[in-house]
Amino acid sequence: MPLLDIENLSVTFATATGPFRAVDNVSLSCDGGDILSIVGESGSGKSVSMLALMGLLPFTATVTADRLEFDGRDLMAMKTRERRKLLGRDIAMIFQEPMSSLNPCFTVGFQIGESLRKHLGLGRAERKERTIELLSLVGIPSPETRLSQFPHQLSGGMSQRVMIAMALACNPKLLIADEPTTALDVTIQAQILDLLADLQKERGMALILITHDMGVVAETAQRVHVQYAGQRVEEQDVRPLFESPHHPYTAALLSALPERATKHGRLPAIPGKVPGADDRPNGCLFSPRCAFTTDLCRRSVERQGAEFGHALCNYPLEQGVPRGHPDPEHIGQAMAEMME
Amino acid sequence: MLRFFLHRLGLLIPTFIGVSIVTFAFIRLIPGDPILMLAGERGMSAERYAELRSLYGYDQPLIVQYFDYAWSALQGDLGTSIVTKRPVLEEFFTLFPATIELATVAIIIAVAVGIPLGVLAAVKRGSWLDQGLMGVALVGYSMPIFWWGLLLIILFSGILQWTPVSGRISLLYFFPPVTGFMLIDSLLSGQAGAFKSALSHLILPAIVLATIPLAVIARQTRSAMLEVLGEDYVRTARAKGMPPRRVIGLHALRNALIPVITTIGLQVGVLLAGAILTETIFSWPGIGKWMVDSVFKRDYAVVQGGLLLIAGIVMVVNLLVDVTYGLVNPRIRH
Ligand SMILES: Nc1ncnc2c1ncn2[C@@H]1O[C@H](COP(=O)(O)OP(=O)(O)OP(=O)(O)O)[C@@H](O)[C@H]1O
Ligand SMILES: [Mg+2]
């Protein structure tokens, strides 16, 4: 039984212009001790789906799911109070902007200690000891002095380390890291990712790593969940995904990797953007940007089986060739365009 | 911090000079003659008039009068009331406790009611509760104090007969002032019913005086809370599994209070200005009523000295507020 089991999770926001479905029937699961990566462009609903799992969405959001289970417990059926007990203890989350994610009015020690008191009922002295331990665990030098510091006295990288220490405070079974390095310098990014990977291994916790950087995925993840416009478009283990992506969107993300693109001279960009609330096409949501789109794609789209990475595509790629595509000539042309 | 403090202290000097000039000039701009106000119904002879004018120095050129006044003020002498013949400073300190008591209770009411209402409105934003509260706050803010005061007097003193109309305590009680705060002194006196009497005298004027600051604080708290509730660190607190009580009341409110504290400090000026009307309506024997009475009597020394002292208090409080601001906001403290 997976640690986290989500089936057909949907999130709809009530907006001024009507309902907007930011997450559309997403299914994913993650075993204890695994690293699952969720990839996708900005606006593809990565954060929203994880916030839905945490129950942290604003009241304008309606969350539905056929199954939302953590550690064998049905989150949807749980009372808010019960569910809150899981947060910070069994499921922890860190965010994209470490600097603004820490409360400017409280010291580092207070913010970490708070969880320890709430969930583990530790006393003052124990909290201090444990906090120092956590801070050195995440590689913060002279943790004793950091205890009494305020967030504005920390750099971005330090703040993210503090966030990680805070998340690890109660030994969570699952850590969700929502683009934990996007706001940081490149050198710091690598350090933080290494830290996360090390901690994950050491403690055997599950890690869900949200990113839009395929390079990060390659280095850390075991399994990859590709999301586009609120939908899961593909899911595979990391190695086969990199060797043979089945969804054209995944293929496009991969070909945007610098080390793959150098042989063509410049980085290809995926034309167009993720459809928002008002410009949802019928059929396949990726069809306006896809090189292989046919009339069928504009009408409807079919989900493939596990052998094609659950790709949400009528013509899943097989070694780069769209399977069952009706117009082989067009393919050659499109492939050439893609390679350009 | 010390440099900041000294710098602010230094800024007070020109402000004081400005205030002294303005108050000196304004009271003299009002038509009327302080000497003639002293005269009874039968008037006074021209000789007596001239004699008194030179006694009080009103025959001197204005500029000389001002420097005389300023020079004495620098030495801590704010002159003598032409009406009571008592030193202005002495009168001020006799009456001031009544005003502080009124203003303190008013600000306590304003903060104790305004902040929770603001938080409630922010948490329930857009609901009928929010709209209702903010509507009431707007009404409270725009209501003329004297009209509101009279309305309350008519209702609670007139129709319901719950509270007395004027004064600080029933004349049936007598005890020596210890702190000058009637609520505290009445308790210290140990006389049965004295505290209740003092409270019933205080409550209406305090509510009237609290109304505008309460409305301002509630609105400011609401908008500060709305801003803060959308912050990432509030989400972090919730992600840690903190209950809403703690997320709102500690993590969010602590940040929202930073701008609110400045607002509260600024209300001190509003309170003292409001005290003038409130004390007059409720015959509350504080410095507000004292100022109004003195203006009517053209008691130049009292008006200019009293206003200078009031201005000084407002400035010092504002300075203290800035210091407090530094204390509650770690980003400034370090
Ligand atoms: N509170 C909200 N109300 C309405 N729409 C929202 C809200 N939060 C997010 N959305 C919308 O939901 C969609 C998905 O947002 P989400 O933040 O999950 O994207 P993401 O994949 O995390 O992107 P990024 O890489 O930029 O973090 C976006 O179109 C966004 O505008
Ligand atoms: Mg996001």
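How many residues does the contact take from chain A and from chain B? It takes 31 residues from chain A and 23 residues from chain B, where contact means heavy atoms within 4.5 Å.

## What you are looking at

This is a predicted model, so local features need pLDDT of at least 70 and side-chain atom pairs count only at pLDDT 80 or more, while totals for chains, interfaces and linings use all residues. Residues are numbered from 1 along each chain as its sequence is written, chains are lettered from A and ligands numbered from 1 in the order in which they are written, and side-chain values use heavy atoms, with hydrogens and water left out.

## Where A meets B

Put together, chain A and chain B bury about 2,400 Å², and 58% of that is on carbon and sulfur atoms. Buried area here is the accessible area (1.4 Å probe) that two parts lose on being put together, summed over both. Two salt bridges turn up across the interface of chain A and chain B; the rule asks for a side-chain nitrogen of Lys or Arg within 4 Å of a carboxyl oxygen of Asp or Glu. One of them pairs Arg246(B) with Glu114(A), with the closest N and O atoms 2.8 Å apart. Eleven residue pairs between chain A and chain B are in polar contact, both partners at pLDDT 80 or more. A polar contact is a pair of N or O atoms within 3.5 Å; within protein, one must be able to donate a hydrogen and the other to accept it, and residues adjacent in sequence count only if both atoms are side-chain atoms.

The biggest giver is α4(A), with seven residues. By class, this side of chain A has 16 nonpolar, ten polar and five charged residues. For the bookkeeping, Ala, Val, Leu, Ile, Met, Phe, Trp, Tyr, Cys and Pro count as nonpolar, Asp, Glu, Lys and Arg as charged, and the others, Gly among them, as polar. Helices (H or I, at least four residues) and strands (E, at least two) are DSSP runs, numbered from the N terminus.

Ser115(A) sits in helix α4 of chain A. Is Ser115(A) buried or exposed? At 0% relative accessibility, Ser115(A) is buried; the cut-offs are under 20% relative accessible area for buried, over 50% for exposed and partly exposed in between (1.4 Å probe, protein chains only). Not counting residues up to four places away in sequence, Ser115(A) touches Leu120(A), Ala169(A) and Cys170(A), plus Lys240(B) and Met242(B).

Over in chain B, Ser81(B) is in the loop between α4 (62-74) and α5 (88-123). Ser81(B) is buried too, with a relative accessible area of 2%. A polar atom of the Ser81(B) side chain lies 3.1 Å from the backbone nitrogen of Val83(B). Leaving aside neighbours within four places in sequence, the contacts of Ser81(B) are Arg86(B), Val88(B), Glu91(B), Asp299(B) and Val302(B).

## Salt bridges within the chains

Over all chains the count comes to 23 salt bridges. Arg289(A) and Glu41(A) form one of them, at 3.0 Å from N to O. Arg289(A) is in the loop between α12 (258-261) and α13 (295-299) and Glu41(A) in the loop between β3 (35-39) and α1, so this pair ties together parts of chain A that are 248 residues apart in sequence. Arg289(A) is buried, at 9% relative accessible area.

In chain B, Arg235(B) and Asp232(B) pair at 3.7 Å, N to O. Both lie in helix α10 (residues 232-239) of chain B, three residues apart, about one turn of the helix. Arg235(B) is partly exposed at 22% relative accessibility, whereas Asp232(B) is buried at 18%. Back in chain A, salt bridges that share partners join Arg223(A), Arg232(A), Glu235(A) and Asp237(A) into one network.

## Chain B overall

Chain B comes to 14 helices and zero strands. Its C-alpha atoms fill a box of roughly 85 × 55 × 40 Å, taken along the principal axes. Of the 334 residues of chain B, 45% count as buried. Residues 24 or more positions apart make up 72% of the chain B contacts with a separation of 6 or more.
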